[in-house]
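These are my notebook entries on a structure that I looked up. I begin with the ligand and then turn to the domains and the charged pairs.

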Amino acid sequence: MSMGKHWQARAGTPLRGTLAIPGDKSVSHRSIMFAALADGVSKIDGFLEGEDTRATAAIFARLGVQIETPSPSQRIVHGVGIDGLRGCDAALDCGNAGTGMRLLAGLLAAQSFDSTLVGDASLSKRPMRRVTLPLAKMGARIDTEGDGTPPLRIHGGQALVGIDHTLEVASAQVKSALLLAGLYAQGETVVREPHPTRDYTERMLAAFGVDIDFSPGYARLRGGQRLRATDVAVPADVSSAAFFLVAASIVPGSELRLRQVGLNPRRTGLLAALRMMGADIREEHAGVHGGEPVADLVVRHAPLRGIEVPEALVPDMIDEFPALFVAAACAEGPTVVRGAAELRVKESDRLGVMAAGLRTLGLQVDETPDGATIHPGPLGSGVIESYDDHRIAMAFAVAAQRSSGAVQIRDVATVATSFPGFDVLARGAGFGLS
Ligand code: S3P
């Protein structure tokens, strides 16, 4: 990742056009992993060409999986079968990707060989005990640093046994790590969640022929099953679309069409929150793409009002709070967020970093341990630290579209982890961004 890249952002023109948003990050990671473990050849369409998902593909290549790139956003994966991965002596670099590292922790804990997982500066600070502790209950041996952070040193050759585990925090990554380990474990693995989270692992394992029983907040599978190659069509990432939904809502005169965005019900919390705030977002040409509901999202500028974000929506919009904070900043009346302590352990402390950035632009934001109250007002100019968090950088590029002056956003290179080409697409739509 090249450091030291900054953006100058300022109000542009009304946002107009039809945009193609890149592929979903969660689905792209899983598509590579499951295709690699399957028997046979799988084709992936709509793969996210982001640094996170490419890091996952590169790791599987190092584990002996042949992966071709016939054209951008396509992959042909020659699966090696559930027992066909080869060990790699060098450390495996997950880059910025929590999803990559946590899912791989479950998968690699079940292999006959040792592995080491490392990440970039941000990932190296993120909590891993949430995966290593339940995996240890299954018989896995994984060492972390003393404070539970990466690198993960995974000792292979352990015989795993299935568990019936209730997650402490709602986390699709932890759930998925346990299910992947469960594929190799003796007996059944059951994962129960305090709040249902995205179920891509469950849906996709089923598509790869695994017998898995799941419903919101619950998943169960038996160890010893094989995966059968299948083609995967990755929908557009609603978390990337989020920035344009908010931007068009807050910039007068805007109307954008975002084509065929993935609308998995566990991902649509921001849509619900924005609609509660008065946003004008219509769904057109609804259909199903790769087993996921999709629709064009047509968003027009509309005056927004502040809300109390229902806590039940938090897991369904866990990645969308940077965007939500910007919508709240431009609304009429305060917006209150509660029950979102998880935001403090994302790619950055998103509650603290968003609050600090909005204060820099002149707003009052009251922080609590698990949330914040955003008091809207006119946005001024300033220098924003992104803390190398892609979604913070994009959120402030959106905020700047309503600022009275210039906003410098520092260290934006990580935007390429989830949304390569964001700046080009945004400029084309009318953003002031260079
Ligand atoms: C993801 C799960 C969520 C989300 C992340 C992607 C996934 O993380 O924030 O961006 O692909 O499973 P948690 O499991 O930590 O909530």
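**Entry 1: ligand.** In the side chain of serine 171, an N or O atom is 2.6 Å from an oxygen atom of the ligand. For threonine 99 I noted 3.4 Å between a side-chain N or O atom and a ligand oxygen. The residues that surround the ligand (a heavy atom within 4 Å of it) include Arg30, Arg102, Gln173, Arg198, Asp319 and Lys346.

**Entry 2: basis.** I note that the model is predicted: local features need pLDDT of at least 70, side-chain atom pairs count only at pLDDT 80 or more, and totals for chains, interfaces and linings use all residues. Residues are numbered from 1 along each chain as its sequence is written, and side-chain values use heavy atoms, with hydrogens and water left out.

**Entry 3: domains.** I recorded domain 1 as 7–23 + 235–433 and domain 2 as 25–233, with bounds from an automatic or database domain assignment. To the contact (heavy atoms within 4.5 Å), domain 1 gives 28 residues and domain 2 gives 24 residues. Between their C-alpha centres I found 29 Å. The buried area (accessible area, 1.4 Å probe, that two parts lose on being put together, summed over both) is about 2,200 Å², and carbon and sulfur atoms give 48% of this. On the side of domain 1, Arg266, Glu347 and Thr417 lose the most area to domain 2, together 25% of what that side buries.

**Entry 4: charged pairs.** How many salt bridges does the rule find across the interface of domain 1 and domain 2? It finds four, a salt bridge being a side-chain nitrogen of Lys or Arg within 4 Å of a carboxyl oxygen of Asp or Glu. I also noted twelve residue pairs in polar contact across this interface, both residues at pLDDT 80 or more. Arginine 203 and glutamate 292 form a salt bridge through their side chains, at 3.5 Å from N to O.

Searching the whole structure, I found 35 salt bridges. In one of them, arginine 226 pairs with aspartate 83, with 3.5 Å between the closest N and O atoms. Arginine 226 is in the loop between β13 (218–222) and β14 (227–228), and aspartate 83 is in the loop between β5 (74–80) and β6 (92–93), so the pair ties together parts 143 residues apart in sequence. Strands here are DSSP runs (E, at least two residues), numbered from the N terminus.

Definitions and conventions
A polar contact is a pair of N or O atoms within 3.5 Å; within protein, one must be able to donate a hydrogen and the other to accept it, and residues adjacent in sequence count only if both atoms are side-chain atoms. Helices (H or I, at least four residues) and strands (E, at least two) are DSSP runs, numbered from the N terminus.
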